[in-house]
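Have a look at the structure first, then read on.

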Amino acid sequence: MITFSEMKKLQASVDLSPRMLLEQSLNRSWASPSRNCFESFDDKPLAAASLAQVHRAVYKSKQVVLKVQRLNITEITEADIEIMRSLAGLAERYYPALYSVNTVGLVNEFAEQMKKELDFRMEANNLRRFAQNFEGDDTIHVPEVYMDLCTRRVITMEFLDGINISDTKRLRDEGYNLQLIARRGAILGFRSTFEYGFFPC
C-alpha cells in the first residue's frame with residue numbers, strides 16, 4: 001500500500017540536474033546565453049520534479065523563479081510512451097477481455113496530455129488566464145508571468161514566498177486558519193470550474 005509520505009517523495013525527492021545539464025537546457029531555450037537575461041541566477045534549485053526544476057533569479061531588479069525543463073525529457077518521455085503503447089497492444093492481443101477497455105487508446109490519450117504538459121507555453125498562458133479570471137479577488141495572488149522569458153521549455157514568473165500547504169504544523173504555529181484556507185481554496189476551485197469553465201491542463 002502506498003502511503004501519503006511515499007507520495008510526497010514524488011514532489012520532494014527527485015534527483016537534481018547537474019549545472020552543466022541545466023545550462024544546456026536553458027541555452028537550448030534561448031538564442032542568446034541565458035545568464036545574460038538576469039542580474040543574478042541561483043544554480044541551486046528551490047525544488048525539483050520529474051519534468052523540471054525551479055531556480056531563483058533576479059530580472060530587472062525583481063525576484064523571479066524559472067521552471068526549467070529537464071534536458072531531453074521530451075525524448076525520454078516519448079520512448080517511455082512507446083514502450084507503454086507496445087505493452088498495451090500485447091495486453092489486448094493476449095487478453096481479449098481488455099479490448100473493450102481500449103488500453104491502446106488510453107495510452108494514446110495519455111500521450112496527447114503529456115505533449116501539452118511538456119509545452120510550458122500552455123502552462124504560462126493558463127497562469128495568465130487564471131490571473132485575469134480572478135483579477136480583483138484579494139483572496140488569491142497569482143504570480144506575474146514574464147512571457148518574453150517563457151518558451152516551450154522554460155517558464156519565468158514572479159517569486160512568491162510562502163508555506164507549503166502540506167506543512168500544517170508550521171501554518172498553525174504561524175497563526176493561519178486552516179479551515180479558512182481550505183474554504184477559500186475550494187471556492188476558487190469551484191469558481192474556476194463552474195463560473196469560468198476553466199480546466200487548466
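## Thr151

In this predicted model, Thr151 counts as buried because its relative accessible area is 14%, under the 20% cut-off. You'll find Thr151 in the loop that runs between α5 and β5.

So what does Thr151 touch, once residues up to four places away in sequence are set aside? The list is Ser29, Trp30, Phe120 and Arg121.

## Helix α5

Phe120, one of the residues touching Thr151, also belongs to α5, which covers residues 120-133. That helix has 14 residues, and going from its first C-alpha to its last takes you 20 Å, close to the expected 20 Å at 1.5 Å a residue.

Which α5 residues are buried? Phe120 is, along with Ala124, Asn126, Leu127 and Asn133.

## Ile163

Strand β5 (154-158) turns up again here, since the loop between it and α6 (168-173) is where Ile163 lies. Ignore the neighbours within four places in sequence, and Ile163 is in contact with Arg170, Leu171, Glu174 and Tyr176.

Take Glu174 from that set: it is 11 residues away from Ile163 along the chain, and the two C-alpha atoms are 9.9 Å apart.

Note on methods:
Residues numbered from 1 in each chain as written. Predicted model: local features only at pLDDT ≥ 70, side-chain atom pairs only at ≥ 80, totals over all residues. Heavy atoms only, no water. Helix = DSSP H or I, 4+ residues; strand = E, 2+ residues; numbered from the N terminus. Contact = heavy atoms within 4.5 Å. Expected span 1.5 Å × (residues − 1). Buried < 20%, exposed > 50% of the residue type's maximum accessible area, 1.4 Å probe, protein only.
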